[in-house]
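This report goes through the strands, the helices and the contact between the chains. The sequence and the structure come next.

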There are 2 protein chains.
Amino acid sequence: MTNPQVKPVILSEQVQTTLTTLEPLTRKVFLSLTPPSPRDNRADVDQVRQMLERSCDNVSVPLSLMRKLPSLCRGADWKVTATLAEIGKGWKLIELEPGDTTNEQFGLAIDIGTTTVVVYLIDLCDGKVLNHAAAYNAQIIMGEDILTRIRQALEPGGLDRLQKAVVETLNRLIKDLCPLPRETQKITAVAIGANTTMIHLLLGLNPASICRDPYTPSVNNPGLIPADEIGLDINPLAPVYCLPSIGSYLGGDVIGGILVSGMHKKADVSLFVDIGTNGEIVMGNEDWLVACAGAAGPALEGGVTAFGMRAEPGAVDHVSIDKATGQVEYTTLDNKPARGICGSGLVDTLAELFLDGIIDRNAHFEKGRESYVIVPAKETALGEDIVVTQIDINNFMATKGAVNAATDLLMENVGCDWQGLSQFYAAGAFGQYLPIESAITIGLYPDLPRSSIVRLGNSSGEAARQVLLSRSKRMEAEAIAAKVTYFELNANTTFMEKFRGSKFLPHTDLARYPSVKIR
Amino acid sequence: MTNPQVKPVILSEQVQTTLTTLEPLTRKVFLSLTPPSPRDNRADVDQVRQMLERSCDNVSVPLSLMRKLPSLCRGADWKVTATLAEIGKGWKLIELEPGDTTNEQFGLAIDIGTTTVVVYLIDLCDGKVLNHAAAYNAQIIMGEDILTRIRQALEPGGLDRLQKAVVETLNRLIKDLCPLPRETQKITAVAIGANTTMIHLLLGLNPASICRDPYTPSVNNPGLIPADEIGLDINPLAPVYCLPSIGSYLGGDVIGGILVSGMHKKADVSLFVDIGTNGEIVMGNEDWLVACAGAAGPALEGGVTAFGMRAEPGAVDHVSIDKATGQVEYTTLDNKPARGICGSGLVDTLAELFLDGIIDRNAHFEKGRESYVIVPAKETALGEDIVVTQIDINNFMATKGAVNAATDLLMENVGCDWQGLSQFYAAGAFGQYLPIESAITIGLYPDLPRSSIVRLGNSSGEAARQVLLSRSKRMEAEAIAAKVTYFELNANTTFMEKFRGSKFLPHTDLARYPSVKIR
């Protein structure tokens, strides 16, 4: 990993599907060609194409490969391995190597988050993850949230700077995974899960319309793009496939989450939630899917609390408070002296404060108290008390309230009630690191049987792996994108009403949280 | 015309087919798009693609166009014109313009000869030739004939120099035809007729194997190549289609000749001959086609005679000799003082010398004579007599003998005799400028009824125009390429025997030339 302090959300083994049929974006074919003779003096390129067309329809050969093909075939005693990419209704030759290299075929599954980028090196022969690397998205220095980045993109040269920044991050991670250029040349396919803005910035597409009414992206389904047109340091003709998005605020990362959860194939209704820099909520089953999205604010990423920080060494990640003594027990990441509180620490803290009665159902401290000390100054790396303040709690409650309100709105719209919910899928860091019981206590997760709560892990990365490896998964992702009905929250007055009424712990409707008991 | 002294072989009106259905390599579609609204906020690229897919299957949009599409649509009030290229079994968007520009659509039909390059500017809306320009192939300074160029290509950096030279020639001609860059951007399709080596050098493909046993080209059918990969200064994504070749010595120019002649659709047997720097002979009908080819030597291009020159101003192009007085009458190109003799002048000279009995059936002067004065020194621009020597005549007879021998060989092989021949197609300069009667007299043309002798003109350029404009003509050209049986002359001992026995005027078999009468 390039950035040791970056904790990538790993692929959840719970959802890592074993694909029965591998149909990767690119495939290799070993060719034992006929050396030209007076009896068979077909042109070299034509012979290769004819042989490939025995198994693949309509093969085209780009000029760059026509140029190297004849000498390569002669130097390899007419035994070569072709790499083909499926393009539309035909195939394109994208690489030719001497000898039989059919067992050396690599691809990348990439998750581009607004904050973190993860690259998985995949063996296209068996679909396995060989290695992965993660780093912060270098665009961060140009703005932490999506709207700031879009504004930056509209400045002169801004789009170009943002595009180069994320490509540099990717190329650095690729180099970590494959230090030798001849290895990176063997990477011949890429699939990417990312939100719509991240895809626009990666492709150098102007994101201006994304944040302006009526919120139309430049493209939802970019198709296959050769890697060199984006600037990725791998095989230049490697096709890059982006998971399709549905609109400006519902990207391929969410489509990927649905794909990985399998909720679109179940008879029962499931709820999918991913809360990062943005929040997305999807509800549905095999017949219907509804979704909404909005900026979540950085409540869970340590952005608004006084001592908030990302999940880096020294972050308080778990907290318990003894009701009798008020004594706080906590752990920090890597056991380093505490420097702040990350999302999971904050969720634990709020749950404990609530269960101990230190904050009430409105999430307010008793009169007179403005904060609660989690780590006393002498134990910190900062030299001052690490506290949670009423303002921190209020900010967090806004995020939580928005999630509750949005979920309620979707339910109401589809006429589904809380009891009808069979599964809860928590994606990304929101699913990976939050303490389940605390998240239920404060109403961030629904109070379902614990076996119905599934942490998806990096479902965007896992979805990228699946579509990299499987044509039917690519078709499934596109079918999901075509099926989702999107609810625009910004324009919805019901949402605002629900939002205002949803700032209670664990929920406005206590009946939904039977297992939450004040100590 | 860039090079005023270059006489391009013009398209023969006799064979300039009016295509009933225009299906050019690229087509334009006017789109009146729906401005995005909250009720229809599809992504811009997706909307364009969906609209195009109403009439064209499987449309892909390259990244470069995705980048400019959103702002272009907005700036054009959502009324735009798309240019699509047919690629394999789908279509590729290659240009997008504001407004309705469907009546402005241009293509290039190009004939790349070893010596001369001709570019025709074609209106893709009606198929007409708007203008043309011709120049010497700038590769000439690196060698006049094909073998020298191939040797040059094998020198370090040689292939690159040759590639750049012909592209520079083309770009200069394109600039002559369309001086403004915004005009050249409107050129969105190119079709090329050329011999196999010229295609290799244009595409930057190593031609080494072309001249080495077993004479395999790198490619016979390169498919569609984007113009910018070759370096043409037109729309960068414009598809470039090369007429398919059959092998190293039978190129797309000859396939084009067959296509234009229509001999592949006739019940009767025809003979097609093109003699330039190389010579190609094709015989056949709707059922079969046989062909052979070889280096013709520059006999007809003024390269071997003492006073030989290309058809430039001052070249003696017509000659008659009074039998009684021996007085020579001649004309020169542009009526400039004589500087040498071009192909047509030489053919006339030999015919007159033969008819007047100055040379015998073996093409020998009477004993003691070594040359014949065509233009006395005082009338020339050189200050010395312009003469034809016995050595000149011998060189010419070698070329003529090769043509006769090759034709005889083809006939023998297919069991067709001279009487069975219904049409004679003379292509290129060989067909355009040679005096018919003299060419028959010396046995270069067959002695057929004059109405059966068809001068095709620049059949390579005309074929390029036809495949540029018509999908069925492209398929027809490819079907011709698949149908021709090629006879390898170099390896053929019968040919060498026939060649040795064929150096008679007008022909070894006098019965074939009933209309040739010595004066």
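Which residue of E6(A) does A:Ile110 stand opposite? The residue is A:Val119. The model in which this pair is found is a predicted one.

## Strands E5 to E7 of chain A

Strand E5 (residues 106-112) of chain A is antiparallel to E6(A), and 7 bridges join the two. A hairpin of 3 residues leads from E5(A) to E6(A). On to the next strand, 7 bridges join E6(A) to strand E7 (residues 129-136) of chain A, and this pair also runs antiparallel. Here A:Leu121 stands opposite A:Asn131 of E7(A). The hairpin between E6(A) and E7(A) has 5 residues, and A:Gly127 in its turn has a positive phi of about 80 degrees.

Is strand E6 (residues 116-123) of chain A largely enclosed or largely open? Of its 8 residues, 7 are buried, so the strand is largely enclosed by the rest of the structure. The cut-off for a buried residue is 20 or more other C-beta atoms within 10 Å of its own.

## The open sheet of chain A

Chain A also has an open sheet of 4 strands, in the order E1-E3-E4-E2 and with mixed pairing. Its edges are strand E1 (26-32) and strand E2 (59-60) of chain A, each of which pairs on one side only. E1(A) runs antiparallel to strand E3 (residues 79-87) of chain A, and 7 bridges join them. In this pairing A:Leu31 has A:Val80 of E3(A) as its bridge partner.

A helix is placed against this sheet. Helix H2 (residues 63-75) of chain A lies across E3 and strand E4 (90-98) of chain A, and runs at about 40 degrees to E4(A).

## Two helices of chain B

How are H3(B) and H4(B) oriented to each other? Helix H3 (residues 146-154) of chain B packs on helix H4 (residues 158-177) of chain B at an angle of about 125 degrees, and their axes are 5 Å apart. The two helices are therefore oblique to each other. An angle of 65 to 115 degrees would count as roughly perpendicular, and one over 145 as roughly antiparallel.

From H3(B), the contact is made by B:Arg149, B:Gln152, B:Ala153 and B:Leu154; from H4(B), it is made by B:Gly158, B:Leu159 and B:Leu162. By type, the residues of this contact are 4 nonpolar, 2 polar and 1 charged.

## The contact between the chains

Between the chains, 40 residues of chain B are in contact with 39 residues of chain A. Helix H1 (44-52) and helix H2 (63-75) of chain B each supply at least two residues of the side of chain B that touches chain A. The largest share of that side, 6 residues, comes from H2(B). The residues of this side of chain B are 18 nonpolar, 16 polar and 6 charged.

## How the two copies are related

Chain B superposes on chain A by a rotation of 179 degrees with 0.0 Å of shift along the axis, at an RMSD of 0.1 Å. That is the relation of a two-fold axis. In chain B, the residue that comes closest to the rotation axis is B:Lys89, whose C-alpha is at 3.0 Å. Both copies use the same surface, in that 98% of the contact residues of chain B recur in chain A.

Methods
Residues numbered from 1 in each chain as written. Chains lettered and ligands numbered in written order. Predicted model: local features only at pLDDT ≥ 70, side-chain atom pairs only at ≥ 80, totals over all residues. Axes fitted to C-alpha atoms, helices over the stretch in contact; angles between N-to-C directions. Parallel < 35°, antiparallel > 145°, perpendicular 65-115°, else oblique. Contact = placed C-beta atoms within 7 Å. Nonpolar A, V, L, I, M, F, W, Y, C, P; charged D, E, K, R; others polar. Least-squares fit on C-alpha atoms with pLDDT ≥ 70 in both. Pairing = 2+ DSSP bridges. Buried ≥ 20, exposed ≤ 12 C-beta atoms within 10 Å, placed from the backbone.
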